[in-house]
Amino acid sequence: MTSQEESMISSFSPSLWALARKRLARDAIGLLSLLVVVFFILMSLGSYFGFLAKNWDQEVAINYAPPTWLATNQESVSALQAPIPPRSQIDLYGQTDPLAPLLDELEAHNPQDINSPPDQQKVNHLVFGADKWGRSVILKTIKGSETSILVGLVAALVATAIGTVLGALSGYFGGWVDDFLNWFYNVFTAIPYLLLIFAIAAVLNQKGVSTIILILGLTGWTGVYRLIRAEYLKHRHREYVLAAKAMGASHYRRMFIHILPNTLHVILVQLSINVVGFIKSEVILSFLGFGVPVEVVSWGSMLNEAQNELVLGIWWQLVAAGVAMALLVTAFSVLTDALRDALDPKVVA
Amino acid sequence: MINHLRQLVISSSVLFAVLVTVYPAHSAPLKVLHLSLSAAETGFDPVMTSDLNTAAIEEQLFEPLLTYDYLARPVKLIPRLAAQMPVISDQGKTWLFTLKKGVYFSPDPVFKGKLREVTAQDVVYTIMRFMDPKNRSPYKFLVDHKILGLNALADQARQTGHFNYNAKVEGLEVVGPYQLKIRLTGTDYNFGHAMAQPMFGIVAREVIEAYQGDTASHPVGTGPYMIGQWIRSASINLVKNPNYRDERWHFTSQDPQDQKIVQAMTGKRIPQIDQVDIQIVEEAQSAYLSFLKGELDVFGVPGQFAPNVLSGTELKPKLQQQGIQLQRLVDPAIAYYFINIEDPQLGGMALSRIALRRAILMSLNDEEMIRVIYKGQAFREAFPIPQGVEGHDANYQSLIHYNPQEANDLLDKMGYKKAKDGYRRQIDGGPLYVKYTTTLTSQDRDLEEIMKKSLDRIGIRFVSEKLKFPEIIRAERQCRVAMRLSAWIADYPDGDNFMQLWYGPHTHENNASCFQDAKWDKLYEKTLALPNSPERDQLYRQLARLLEINGVTKVSTSHIRNVLIQPWVVGYKAHPILPSTWAYIDLIPEGERH
Amino acid sequence: MSTSLLQVQDLSVYFKEAQGTKQVLNKVSFSVDRGQTVALVGESGSGKSVSALAIMGLLPTDLAEIEVNSQINWQGNNILHLAKEQHRKLRGRHIGMIFQDPMSSLNPVMSVGEQLIEGIQLHLGLSARQAYERAIALLTEVGIPEPERRIHAYPHELSGGQQQRVMIAMAICGEPQLLIADEPTTALDVTIQRQILELIKLLTKERHMAVLFITHDLALVGEFADQVVVMRQGVVRELGDTEHIFKEAVDSYTKALLLCRPSLTHRPLHLPVVEEMMMMKSDRNTASHQEERQRGIRPTDEMVMRVRKVSKNFVQQDGLFKRKDFFAVKEVSCDIYRGKTLGIVGESGSGKTTLGLMLSGIIPMSSGTIEYHEELKKLEGSPALIQIVFQNPYASLNPRFTVFQILEEPLLLHRPDLRVEQRAEEVVALMHLVGLNESMLSRYPHEFSGGQRQRIAIARCIALKPTILVCDESVSALDVSVQAQILNLLQDLQDRFNISLIFISHDLSVVRYMSDEIMVMYQGTVVEKGNSDQIIAHPQQPYTQNLITSIPKGYAI
Amino acid sequence: MWSFFIRRLLQMIPTLLGVILLVFFLFNWVGGDPAYILAGKLASAEDIANIRHQLGIDQPWYWQLWIFIQQIATGNFGDSWATHESVAHIFKTRLTPSLVLLIPMMIIETVTAVCLALLVAVFRRSMIDQSLMVVSTIMMSISLLVYIIVGQYLFASLLGWFPVKGWSDSLWRDLTYYAPLPIFLGLLVSIAPSLRLYRTFILDEINQDYVRTARAKGLSESRVLFKHVLKNAAIPILTNLLMGLPGLLTGAFLLERFFAIPGIGREIILAVERSDFPIIKAATVYVAIATMLANLLADLLYRYLDPRVNLK
């Protein structure tokens with residue numbers, strides 16, 4: 001791309017955005033939801049850069065410490081280790097331990113080796129309760145927002161990018177390109193979603209958060225593809241594209257400089273629909289066992305932990321993760337609707 | 001609108017609930033036992049059975065020659081289809097079984113309406129089936145290479161593609177219509193346990209041949225029950241076998257707590273309950289709530305719900321008031337950590353590697369795991385043979401204790417230095433991490449968390465590998481699993497069933513630690529020639545100690561089974577080995593409960 | 001009280017918009033007497049349709065607001081004060097209405113009969129059987145052939161003219177006293193338009209029905225209307241007998257409207273433009289005094305493009321494996337001369353647009369040859385040779401580009417030697433050339449009017465100084481007053497750059513005005529070709545003759 | 001009409017072929033080896049080789065693929081490796097519970113969503129519209145897992161209005177006793193998106209010219225809405241419904257697992273856990289065919305309902 005083309009791309013946006021901003025500003029609910037989404041994104045950024053919930057994995061309370069306002073004066077159950085019997089008293093049944101001399105030496109130097117350290121003091125209630133290990137549910141929810149939002153956003157970007165590029169090629173060129181990509185699309189949509197998840201998960205073979213993103217991205221592109229293809233089918237015969245052709249604009253230029261900006265509202269709306277869908281899907285992936293790795297926490301993993309806790313009357317983790325998710329997803333959906341209206345080219349300012 | 005809808009749904013379901021409760025009053029009061037299983041059955045051909053849930057149902061459909069006494073603890077073998085205990089001679093090499101007379105198979109179209117009696121030939125056929133390659137029996141090992149001449153027949157079948165069931169086998173001699181002499185290839189005092197497994201329930205040849213290829217859907221046995229309604233993977237309904245012989249409840253016990261059972265049940269005809277309704281419920285919450293609602297009669301509480309049911313070792317008062325009973329018993333199983341001796345990072349018998357493994361095992365906090373994950377429904381078990389299994393040693397003291405401090409010192413001393421990232425490297429500076437293998441389930445996620453925490457304590461990097469269960473087994477057999485918390489449940493209550501897990505020649509089979517040590521193997525082989533005796537016990541202790549010294553294994557826990565019983569269930573006693581005992585209990589019919 | 005059937009008095013309507021409200025009707029007053037045909041004439045935005053909808057009570061309640069003093073009296077009663085339900089009873093039974101686009105105005109998933117019978121039963125309370133017979137009778141009356149068969153047809157299975165006939169049948173099925181016809185012929189071809197107008201005329205006479213005829217085309221109403229109401233921007237400019245309006249119009253806007261449409265008899269150098277005429281205080285008739293432009297090909301003219309036997313066929317799937325060829329354009333030959341205009345005229349489906357696209361190289365030809373003048377051979381395939389201006393100015397500009405980007409693009413693509421400032425200068429020059437201000441460069445297409453957009457589209461085309469410019473229905477979507485401006489602009493550009501024009505239109509008078517030569521097309525083939533004045537004056541082919549007689553003649557003829 | 005139908009059927013072949021290849025390679029290369037679990041706890045290497053031979057997974061891949069294609073052609077997928085039950089029988093028995101759950105759910109969902117959508121379309125931009133939209137957005141935002149966990153605990157256990165779980169072989173009892181709670185919980189998540197979608201369909205139609213014509217005819221508002229608008233909006237609604245159906249078949253696995261309903265989704269999870277390829281392969285092929293047929297049916301329906309599209 002030449003610098004001029006870049007300048008063209010960047011210079012169309014101000015008006016698109018200005019227009020959208022103007023329309024959005026009139027939509028009170030849309031604005032409120034925007035604030036909520038921004039709040040969550042700031043929160044997850046804060047957590048990502050370590051300003052927030054940095055010590056989320058510290059076990060500060062007893063297991064399942066209740067929220068403060070529910071706290072009873074129960075004794076903190078201190079989990080004292082049983083004292084270790086001196087090795088010398090253990091019957092080796094005639095066998096020799098090659099490590100014995102070494103351990104004797106160590107124990108002679110460090111008497112504290114013989115007895116394990118005393119348990120650290122833990123509180124017996126927390127602001128919004130603690131999880132199974134005694135970690136703060138609030139901090140966990142904040143930390144979880146980082147993963148869930150990251151997963152949702154990046155996976156949505158991946159899915160939307162795949163869907164957009166394939167849809168653009170398919171709709172723009174038509175002919176055998178369209179036939180082939182359509183075939184590919186049909187194959188993908190014909191396979192049951194559940195099995196597709198299993199299959200892709202098996203291919204990717206569990207590598208952590210990136211796996212989840214790829215599973216969601218690789219299974220979620222089909223909807224975008226269908227819509228973008230339809231948009232391109234519609235636009236490629238529009239007079240402005242024909243005019244560009246008459247002007248000698250290349251395929252690339254017509255596809256991405258001319259048509260793409262005109263499908264941007266569809267792409268953006270699909271993107272945010274996907275974000276919402278993927279944040280929710282992460283819960284199901286966790287349920288199926290393809291969740292985040294242990295050292296990471298997400299809302300999906302929290303809800304799955306909470307599965308067995310509700311019956312025990314430990315509702316705080318379920319509520320924290322559930323409410324956080326519902327709030328963000330609702331705000332995002334409302335924002336999507338507002339965005340759809342704001343970006344709709346049919347509605348003249 | 002939504003509210004409206006809900007009301008509609010609720011009112012309609014209330015209406016039908018009424019209909020449903022009214023309905024049974026019209027028919028004769030049936031005694032129906034309601035139960036749940038946590039995983040789907042896999043079909044009811046005993047020779048192909050591989051899981052406990054299926055075995056539990058087969059225990060009621062089929063009858064092996066022997067069984068375990070309902071009340072006796074520790075468990076004791078008693079005759080079932082056999083008329084009396086087998087006569088063992090020739091240093092445990094020859095076993096003479098005599099069958100009960102007048103034992104008939106449950107009705108099936110194959111018998112064309114005639115009664116079909118069990119004979120010794122049926123036992124021979126049943127045992128032969130385990131060696132037929134076509135049946136690919138998971139419990140083949142119980143007879144494999146054990147019966148004279150039988151393996152030759154299997155080899156022949158593998159070549160010809162056809163198993164000759166008519167062939168005479170030296171080790172399976174029919175002495176008379178009701179007598180059978182089994183000759184073993186070597187001394188085996190445990191052969192009786194094999195013959196007590198539900199998989200060895202006797203089948204009829206003509207039935208198996210009639211349903212060739214679909215035997216799993218047509219179970220025909222001699223057990224007290226037979227299959228009624230069956231919705232695959234969802235619900236199985238057992239009904240009384242009309243051909244069941246007149247068998248009376250006759251168990252005795254010295255335990256004063258059992259006297260009530262004995263009193264209530266003695267002399268009653270087996271079985272008392274008309275139908276057993278078993279539902280497959282995979283989600284623990286569903287099963288648990290279902291029991292609380294009275295939809296289930298007997299229920300093993302999943303560990304995670306124990307705090308709701310128990311205070312300490314007692315049932316919560318609220319449940320006690322409802323008349324619910326609690327029975328606690330120790331599963332004849334162990335959970336144990338093993339480290340792969342062939343693993344390039346952790347394996348080898350060099351002192352530094354032994355120290356590394358010992359340090360890793362010392363970082364594991366079993367107490368925390370019991371408290372947080374198992375909710376106290378497990379206890380620290382150091383010996384590889386669990387309670388209730390012959391060879392168990394209750395006084396055995398572990399060499400390896402939770403002691404991260406010392407583990408760290410040990411690693412420092414051996415030269416596993418920490419790099420900038422805070423994690424240790426190999427002595428030569430190479431990469432060091434523990435690749436820990438688990439499945440995708442949420443329970444295993446808890447174990448992963450424990451493992452990660454433990455390794456962090458001693459500065460060793462944790463790497464997780466999640467595989468499906470069959471994949472784990474494959475990886476273990478290929479000695480590719482570096483470390484895992486594995487579990488082993490007794491196939492039969494003898495220590496050998498556990499100790500063989502570390503036997504060198506079992507590498508690539510079920511010795512997942514791939515521990516091959518000449519000294520250990522020699523000691524183990526000595527135990528094989530011995531019956532259950534103090535001499536063998538001493539050898540077992542030495543074997544267990546050697547596993548610890550070499551850092552191969554740390555036995556972690558044994559689990560407590562908490563069984564909840566509804567007040568209307570009579571005569572229930574949880575059994576550690578028998579997969580199901582439904583024929584031995586009774587119910588107060590629904591109409592007579594209050 | 002007057003005896004008027006309908007009397008509109010001081011009707012003022014406001015539309016709610018994002019920023020406050022906007023007045024769309026300002027104290028509009030007129031009346032319709034029994035049996036009378038009143039034409040409501042005005043360009044887009046004049047408020048004529050809003051008036052009609054207000055009478056019908058069909059203005060969107062959440063958007064439109066009618067001022068309280070307004071009155072719409074139906075037989076003396078103010079219907080603005082009626083309850084919703086009451087007003088509904090008036091519709092169909094007393095006032096019928098037909099709309100501009102019959103295709104979209106009919107329910108696509110209900111058969112013609114269902115839609116018709118529905119109305120008959122509602123208004124006349126007939127039984128199903130009777131209603132069916134009534135429907136057949138009505139269809140016969142509006143001139144649908146084979147009504148027993150067509151009554152089961154779905155709207156899309158009928159031609160545009162037939163659809164409009166069905167609409168008329170539906171509108172009169174309740175035997176109303178007033179028929180409101182909102183641009184009923186605008187979407188139709190001229191020949192069909194004529195038939196529909198004749199039908200309405202006939203029906204009103206037979207049924208003694210009053211008609212409120214809404215149109216943008218003043219010439220159209222001359223032959224039909226008793227009264228004319230001229231509207232502009234929500235205000236009634238002039239109102240009176242048709243004769244009065246056509247012969248001695250007082251209002252300058254009315255006069256301009258009458259003159260700015262090209263006629264078949266005159267060809268002034270420039271068409272009169274509404275704005276200019278309204279500015280002029282004087283009363284003189286500019287058009288008649290203007291010099292006539294001379295058209296026609298002279299032997300000395302230089303041929304730039306020779307088109308021979310050009311065809312375009314599409315393959316259609318027919319049956320399981322069979323395919324069928326469909327010729328959109330069949331063996332068309334023509335010559336283009338430097339600085340001259342070839343007019344192509346034809347009704348919808350005649351293949352004129354396909355031909356235009358092929359000539360401009362946007363779609364490939366199926367067969368045939370196009371040869372260029374020697375000097376132009378090197379330009380073959382280049383946009384500098386031939387450019388095209390499309391019909392719809394709203395669709396031909398990329399809505400996400402600023403005007404600057406739109407005009408910059410051809411330069412960017414084909415004159416890479418230009419520096420950024422040079423390019424900007426060129427763009428400004430182009431804007432001036434088409435009569436736009438450079439201050440508009442940073443705006444987006446949606447901020448412009450239709451005429452302005454067409455100017456931008458033309459500026460984009462001439463950026464590369466093409467030899468030939470194809471104008472594909474380039475003025476059809478514009479109001480007459482704007483149309484005149486664009487035609488003038490095209491004339492100017494042709495004069496200035498000696499561009500050859502290929503002017504495609506369904507409007508014979510516009511084509512005649514612009515062209516030296518005319519080619520008449522029908523169903524993909526050329527029917528007649530020759531000097532433009534000659535063809536209009538002495539058409540040889542019956543099709544051409546029919547086309548010419550269908551043109552509305554205005555009151556004068 | 002027939003030529004269109006046959007052409008569409010022929011077009012399904014390449015798609016099916018793609019599905020077969022994708023599934024075959026995805027699961028055969030990385031799907032795991034069930035022999036190790038089928039062999040039992042104490043099997044020897046020889047036993048495992050025997051099992052692999054019995055299952056045919058020691059054959060070269062092209063041979064296995066060929067067998068797979070043969071199985072599809074004959075419709076006989078053999079027996080489940082885990083249970084020895086015939087695959088056809090498994091699907092026959094699992095299909096009914098899935099349908100007993102899905103069909104009422106779909107009907108209630110559609111009827112409710114269409115009624116609500118009409119309501120909000122009539123009162124668009126009013127308080128009713130906006131509040132219903134916000135409520136439905138919130139309902140959509142909560143994970144089905146949360147609905148199930150909380151719903152089962154609350155309605156079945158604490159309040160005791162429904163059974164906690166279960167299934168019977170009597171259709172009537174399933175429908176009236178076991179299915180209501182899962183259906184209700186499923187509806188909580190599925191009504192909202194349908195409502196929002198149908199609302200846009202109906203709004204699209206309400207702004208069409210023919211609605212104005214119908215009003216100009218003097219038709220009452222309810223007739224305009226139910227006769228004219230709904231008839232047009234029914235086209236996208238019904239095609240949308242039909243095309244979503246096959247996906248639902250496997251999509252209800254959460255409900256099936258928690259309420260112990262022997263449906264297809266639960267069976268598939270079980271099969272994947274057990275590496276039971278005959279079931280996985282059959283499930284994929286069956287659902288793929290169902291999807292394609294549903295698409296075809298949707299197309300036919302679309303063409304049937306919309307006279308503008310002619311069948312060629």
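# A tour of a predicted model

Helices (H or I, at least four residues) and strands (E, at least two) are DSSP runs, numbered from the N terminus.

This is a predicted model, in which local features need pLDDT of at least 70 and side-chain atom pairs count only at pLDDT 80 or more, while totals for chains, interfaces and linings use all residues. Residues are numbered from 1 along each chain as its sequence is written, chains are lettered from A and ligands numbered from 1 in the order in which they are written, and side-chain values use heavy atoms, with hydrogens and water left out.

Stay on chain B and select residues 1-26. Over this stretch pLDDT stays under 50, and the model has 18 contacts for it beyond four places in sequence. A contact means heavy atoms within 4.5 Å. For chain B as a whole, the mean pLDDT is 87, and 95% of the residues reach 70 or more.

Next, show all chains. Five pairs of chains touch, and the pair with the most contacts is B and D. Chains B and C do not touch; their nearest C-alpha atoms are 26 Å apart.

Select B:Lys140, in the loop between α3 (120-129) and α4 (150-160) of chain B. Is this residue buried or exposed? B:Lys140 is buried, because its relative accessible area is 8%. The cut-offs are under 20% for buried and over 50% for exposed, with partly exposed in between (1.4 Å probe, protein chains only). Leaving aside residues up to four places away in sequence, B:Lys140 touches B:Phe130, B:Met131, B:Arg158 and D:Asp47.

Now look at salt bridges, each a side-chain nitrogen of Lys or Arg within 4 Å of a carboxyl oxygen of Asp or Glu. The whole structure has 79 of them over all chains. Select B:Lys146 and B:Asp188, whose side chains meet in a salt bridge (3.6 Å, N to O). B:Lys146 lies in the loop between α3 and α4 of chain B and B:Asp188 in the loop between β7 (179-183) and α5 (191-194), so the pair ties together parts that are 42 residues apart in sequence. B:Lys146 is partly exposed at 24% relative accessible area, whereas B:Asp188 counts as buried at 14%.

Move to B:Lys268 and B:Asp586, a salt bridge with its closest N and O atoms 2.7 Å apart. This pair links distant parts of the chain, 318 residues apart: B:Lys268 is in the loop between α7 (259-265) and β11 (269-270), and B:Asp586 is in strand β24 (residues 586-587). B:Lys268 is partly exposed at 25%, while B:Asp586 is buried at 5%.

Go to chain A and select A:Phe49, in the loop between α2 (28-48) and α3 (100-109). A:Phe49 is exposed, with a relative accessible area of 55%.

Finish on chain C, where the domain assignment gives domain 1 (1-94 + 208-250) and domain 2 (303-549). Domain bounds come from an automatic or database domain assignment. The C-alpha centres of these domains lie 38 Å apart.

Conventions. pLDDT is the predictor's confidence in each residue, from 0 to 100.
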